[in-house]
Every structure is written in structure tokens, then in C-alpha cells.
Amino acid sequence: MDQDVTKACTPVDLAAEAERRGISYFLISYTDLSGAQRAKLVPASAIRGMQERGAGFAGFAAAFQLSPADPDLVAVPDPATLVQLPWKPEVGWLASDLKMHGGLIAQGPRNTLRRMIARAAKMGLTVKTGVECEFFLLTPDGQAIGDPHDNAPKSCYDASALMRRYDVITEICDAMLHLGWEPYQNDHEDANGQFEMNWMFDEALVTADRHVFFKFMARAIAEKHGLRATFMPKPFMDLTGSGCHAHISLWKGDTNICQADTDPLGLSAEGYHFVGGLIENARALCAFLNPVVNSYKRINAPRTVSGATWSPNAVTYAGDNRTHMIRVPGKGRFEMRLPDGAANPYLLQASLLAAGLNGLERRLDPGKPLDINMYTEGHTVRDARTLPLNLLDAVRALDASTAMRGLLGDGLVDPYIHLKMAEWNAYCGHLSEWERQATLDC
Ligand code: ADP
Ligand code: MG
Ligand code: MG
Ligand code: MG
Ligand code: MG
């Protein structure tokens, strides 16, 4: 299928790698449509056959809109993704590509990202991305912030609260250093109990694989320390939610084609067209970037105790201004601030790429950047389009988007919509305390 986008240093023979590195087990894993990671633990003695043929999974059990009568899904590990678990080095983690009947399945999230990368490659483009993972460290039952002293109204960059979590944060950061991800900063974020850890951007597939692994690692290491790491978009109504901003640039060889030094924002025509695609397709994009019922308590949200939500409330873009959906923080790249911690790491990147490439192909104009504070002056913008108010709104926008369907393929979009509608219906089947209170005396 698609061109090989993996890196050159692929350890081809996993059995030999196991021998050399002292790996006893491989965790052959894949990410399903909902973003969950599924896996089989395979002894090193059996890896040779699994590397060739893949590990079998019943697709119906794994939420791919397949039936129990369908043949097995086969997860074929990508050896370029091999990571020894830093907290359990005898286990080798592998991301894999999902196949059925010998071909890649259309609804595989990693397969979908590969398709979008191949599409960009056909246009001569390499896409480089970075993600900013925000998360909370909670008590193991998930009910409260793990550190009871972390309760200042303005807790962003709180040095003491950060240092009280030194052991967890540095264990995760040391692991990233060891893996060569080039982490460069860790901080306490805007909400009590919330942290962010940053590593260097890379090609989109590498970043997506790392993103999946980061979430897995943060949860595992937090658990070791008696805490629960959550990427839930809005675990507490009065506190800032967890975003997952995505930074993007497009390259031809060593040249960043989004960059133009003469432009006020430092963006080239291509850069603006890509932004135009993100703007035009924003509402449909939300189905992937804000994929759960809870996501809509983070965007369009009222002010938090810190004074700002830091999340978007309309389809707008600006220069270095964090109140807009898209921010251009510096020359030659843009930051999409919509995505949240629940986004499927592969579909996050695949959907942004689809929308952006659509903008490039159609040479879309994003309009003028808006240099205002959207939180205080947003109401003055007459023609700004609103974001979906809930998951149903977003899923309907995706369903109706011929552009996104055309690029991502019905084979991905239909099962995804089916899954999200089931989620919405499950939510609607839930009688809330608010409803009772607001309606008992009607
Ligand atoms: P901020 O909090 O200011 O939005 P961070 O430093 O937390 O920014 O995260 C910025 C992310 O953007 C990092 O992952 C970084 O590697 C990535 N990044 C920087 N330059 C580029 C670029 N040219 N293309 C894609 N990603 C980039
Ligand atoms: Mg069985
Ligand atoms: Mg950041
Ligand atoms: Mg942040
Ligand atoms: Mg950011």
C-alpha cells in the first residue's frame, strides 16, 4: 500500500532483538477506533511467527463494527516502533497495523494516518507534528486531586506543587530522555493537579506512536506511585480541562514550506491554505478532536477559577494569541488548540491532515487573522462560526462533510460515526440529577 514512512533504523528481526536486549515478552498492541489500546502479550519464543503473520484478534470484541462471524483481525507489529517498557524492560512494546484477508482495514486508526501521510507524500510533502499532552494526577479512585495541598486558585507553573510530584514526573521524563524523544520541559498546568510534559516534534506517524505510548506510560508510572493519571478532557467543572494542542508544519526536504519571513505571522501561502482547510472543516473535525461527551465541557466553557479556560469557543485564528482555535506561535507552524486528551492519537493527526490537505488542494483562504481577546471580545465578531455544542452536533457535522468523507474514506467514517452515536445514545439513556431537580416540579 502506502509508501514506507518508518525510520531507517528498523530492527528487522524481532527474535534477534529479543536476544540482544533481554526481552522476554512482546506486547503487540494496536489502538482501536475509540483510542483505547489493546494488546496480546507474546513470549519472545513465539515472536518470529507473529512478526510474519501478526497476532489474531476478534474484531467484534474490539469495537471495529465487525460481527462475531467476521474472520480475525490480524495485528502485524511495526518493528520500527519497538520500545522496551522503561519501567519493565523485559517487555518490548510494539504498535501494529491491522489487517484482514491480507489487506489493511479501512477503519484502522493507524492505517488511516498512514493513508493521509501517503497522500501528503504524493504532493511532495512531509508532515511534522508535535502534541502537548495535559493530564491530571488524581487519587486512585479518580475522585480527587492526588495532592491535597495543590489548591491555589492560580496554580499554573506552581514550583512547590510541581516538586511534590518530582518522583513521578522525572520517572516519565527520564524514560523519554532514554528513548531519545528529546523532552525539553515539564510543568504544572493551569488547573490544580494538572501537568504537561513536552517532547520534540517529528514526522506525524512517529509523533502519533509516541503519543499513544506516552499515555500508556504516564498511566503506568503514575499507578506505580499510587496515583491515577487521567487525560479526561474536563474532570472538574470549575477547573481548566486537559487539551492536547497539535502543532503542525509541512516540509519539502529540509525546507519548511509553511514559513515566509516577509509575512506578518511568518506563514507562506501554503501555510494559509492549510489553515483555511482546518477552518472550513472545523466543525466536522471536532468529532475526532473532541470525541467524547465530556469534551464539550472543555470547549465553549465558562471561565474557570484560574480566570480562563485556555480552550477555544469559536472557529477563529490569530497570531500568538491563546484565545483562538488556531494560534500561530511562531514562523512556519500553527497550533490547533481544539484537540483534547480523549482524542485518538492517530485520528487526531489523520483528521487534521485530511482537513489541511483539503485546504491546500483547494487553495482555501482562511480570511484575516483576528487580533482580539476571544474570551472578552468574542461576542463582537459577527461572522465567526461556532463550534459544535455537543458530541451529537459534531458527529452530524462529520456525517454531512463530503470533504472529510472523501479524504478519510467512508470505510473509516461510517464505523466511527456508528461508535460515536452508540456513545451518545448511551449518554442520553442516563437520567441525571440535574434533570430531576429541574423537572420534578414541572
Ligand atoms: P505552547 O505551550 O507554547 O503551545 P509547547 O512548547 O508546550 O508550546 O509545545 C510545542 C510543541 O510544538 C512541541 O511538541 C514542539 O516540539 C512542537 N513544535 C515546535 N516547532 C514545530 C514545528 N515547526 N512543527 C511542528 N511542531 C513543532
Ligand atoms: Mg481464544
Ligand atoms: Mg504547552
Ligand atoms: Mg498546556
Ligand atoms: Mg499549546
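Me: How much of residues 109-442 is helix and how much is strand?

Reply: Read a span by its secondary-structure content and its end-to-end distance. In this predicted model, residues 109-442 are 41% helix and 16% strand, with end C-alpha atoms 46 Å apart. An unreviewed UniProt entry annotates this span as "domain: GS catalytic".

Me: Which residues does the annotation "domain: GS beta-grasp" cover?

Reply: The unreviewed UniProt entry places that domain at residues 21-103. Here the chain is 47% strand and 10% helix, and 31 Å separates the end C-alpha atoms.

Me: Which residues come nearest to ligand 1?

Reply: There are 18 residues around the ligand, and Glu132, Tyr184, Phe201, Ser249 and Glu335 come nearest. By class, the shell holds seven charged, six nonpolar and five polar residues.

Me: Which polar side-chain atoms lie by an oxygen atom of ligand 1?

Reply: Look for N or O pairs within 3.5 Å. Glu335 has a polar side-chain atom 2.8 Å from a ligand oxygen. For Glu196 the distance is 3.0 Å, and for an N or O atom in the Asn198 side chain it is 3.1 Å.

Me: How much of the accessible area of ligand 1 does the protein cover?

Reply: Compare the ligand on its own with the ligand in place. On its own, ligand 1 has 580 Å² of accessible area, of which the protein covers 85%.

Notes: Residues are numbered from 1 along each chain as its sequence is written. Chains are lettered from A and ligands numbered from 1 in the order in which they are written. This is a predicted model: local features need pLDDT of at least 70, side-chain atom pairs count only at pLDDT 80 or more; totals for chains, interfaces and linings use all residues. Side-chain values use heavy atoms; hydrogens and water are left out. A residue is near a molecule or strand if one of its heavy atoms lies within 4 Å of it. A polar contact is a pair of N or O atoms within 3.5 Å; within protein, one must be able to donate a hydrogen and the other to accept it, and residues adjacent in sequence count only if both atoms are side-chain atoms. Accessible areas come from the Shrake-Rupley method with a 1.4 Å probe; for residues, only the protein chains shown count as cover. Ala, Val, Leu, Ile, Met, Phe, Trp, Tyr, Cys and Pro count as nonpolar, Asp, Glu, Lys and Arg as charged, and the others, Gly among them, as polar. UniProt positions are given in the numbering used here, feature names are shortened, and annotations may be inferred rather than shown by experiment. Helices (H or I, at least four residues) and strands (E, at least two) are DSSP runs, numbered from the N terminus.
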